[in-house]
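Work through the exercises below with the sequence and the model side by side. Try each task before reading its solution.

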Amino acid sequence: MPTSKRGTTILLLVLSYYAASTLTSCLTKMVLDDFPRPLTVSLAQQSISTIGGLLRVGSVSGALREWRVALPVALALLLSSVLYRVSLVYNSLSFAQAVKTLQPLFATLLSAIFLRERSSARRVISLVLLLAGVAIATTTELSFSLLGFVCTVGACFAQALQSVLSKSLLVHNRIGEEHLFACAAVYTWILLLPLWLAADAPTL
């Protein structure tokens with residue numbers, strides 16, 4: 001694929017990702033405003049991914065065979081999913097999205113640790129400016145919630161960790177891209193179910 005065409009494809013994928021992420025956050029925030037049960041909402045949304053994952057793998061046993069590879073990614077995905085939805089209960093959507101931009105910072109740090117990737121001076125400067133912007137957004141937020149802020153930062157870190165772990169597995173060809181997504185979705189649902197049974201199910 002030519003370099004220019006590849007760059008355009010990557011740009012479109014990034015824009016599509018952010019558009020889909022923003023739309024999902026808006027809809028999730030609307031649901032949580034009327035139904036403040038982040039674990040229940042997470043379980044419902046994860047169930048859709050799990051059904052898709054099972055259809056991709058073909059059977060539950062097919063997903064269970066990959067537990068050593070998929071489990072770390074699933075744990076990071078679980079933390080990211082739950083913490084972000086908890087943060088939406090306490091934070092405004094705009095504030096949560098602003099803090100969520102810290103993900104590239106965490107991804108860069110984790111990539112340096114796990115993948116031995118080096119960052120250029122331009123990238124470091126841009127990350128410093130990004131951190132400054134989040135700091136300004138935090139100090140000027142009218143409805144600031146410490147719990148919501150901590151949950152959002154934790155979700156950003158977990159999502160960055162999930163991305164780095166996934167890339168590490170794909171780079172070393174330990175599992176296929178679609179298969180990894182499918183297995184991680186199934187394991188995330190399995191890990192989330194007991195949390196939901198303990199926290200939300202008794203009071204619903």
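**Exercise 1. Fold and overall form**

In what order do the elements of the protein run from the N terminus on?

Solution. Start with the ground rules. This is a predicted model, in which local features need pLDDT of at least 70, side-chain atom pairs count only at pLDDT 80 or more, and totals for chains, interfaces and linings use all residues. Residues are numbered from 1 along each chain as its sequence is written, and side-chain values use heavy atoms, with hydrogens and water left out.

Step 1. Read off the elements. The order is α-α-α-α-α-α-α-α-α. The protein has 9 helices and 0 strands. Both kinds of element are DSSP runs, numbered from the N terminus: helices are H or I with at least four residues, strands are E with at least two.

Step 2. Check the dimensions. The C-alpha trace spans about 45 × 45 × 30 Å along its principal axes.

Step 3. Look at burial and surface. Buried residues make up 37% of the 204 residues. Buried means under 20% relative accessible area, exposed means over 50%, and partly exposed lies in between (1.4 Å probe, protein chains only). The protein exposes about 11,900 Å², and carbon and sulfur atoms supply 69% of that area. Accessible areas come from the Shrake-Rupley method with a 1.4 Å probe; for residues, only the protein chains shown count as cover.

Step 4. Look at contacts. Take the contacts between residues at least 6 apart in sequence: 85% of them join residues at least 24 apart. Contact means heavy atoms within 4.5 Å.

**Exercise 2. Salt bridges**

Find the salt bridges and place their partners.

Solution. Apply the rule: a side-chain nitrogen of Lys or Arg within 4 Å of a carboxyl oxygen of Asp or Glu. The count comes to 3 salt bridges.

Step 1. Take K29 and D33. Their closest N and O atoms are 3.5 Å apart. Both residues lie in helix α1, 4 residues apart, about one turn of the helix. K29 counts as buried because its relative accessibility is 14%.

Step 2. Take D200 and R37. Their side chains meet at 3.7 Å, N to O. D200 lies in the segment after α9 (177–199) and R37 in the loop between α1 and α2 (38–57), so the pair ties together parts that are 163 residues apart in sequence. D200 is buried, at 8% relative accessible area. R37 is partly exposed, at 23%.

Step 3. Take K167 and E117. Their N to O distance is 2.8 Å. K167 lies in helix α8 (residues 146–171) and E117 in the loop between α6 (103–114) and α7 (121–139), so this pair ties together parts that are 50 residues apart in sequence. K167 is partly exposed at 40% relative accessibility. E117 is partly exposed at 29%.

**Exercise 3. Aromatic pairs and a surface patch**

How many aromatic pairs does a search of the whole structure find?

Solution. The search finds 3 aromatic pairs. Two are worked here.

Step 1. Take Y17 and Y18. The ring centres are 5.2 Å apart and the planes stand at 70°, so the pair is edge-to-face. Rings of Phe, Tyr and Trp (its six-membered ring) pair if their centres lie within 6.5 Å; planes under 30 degrees apart count as stacked, over 60 as edge-to-face and the rest as tilted.

Step 2. Take F106 and F157. Their centres are 5.5 Å apart and their planes at 80°, so this pair is edge-to-face. The pair links distant parts of the chain: F106 sits in helix α6, F157 in helix α8, 51 residues apart. F106 is buried at 15% relative accessible area. F157 is partly exposed at 37%.

Step 3. Return to the tyrosines. Y18 is in helix α1 (residues 3–34). Y18 is partly exposed at 48% relative accessibility, and Y17 is partly exposed at 37%. Together with I10 and V14, Y17 and Y18 form a nonpolar surface patch with about 370 Å² of accessible area. Patches are made of residues with over 30% relative accessible area and no salt bridge; like charges are joined within 9 Å, nonpolar side chains (Val, Leu, Ile, Met, Phe, Trp, Tyr) within 5 Å.

**Exercise 4. One threonine**

Is T188 buried or exposed?

Solution. T188 counts as buried because its relative accessibility is 1%. T188 is found in helix α9. Leaving out residues up to four places away in sequence, T188 touches Q46, A74, L77 and L78.
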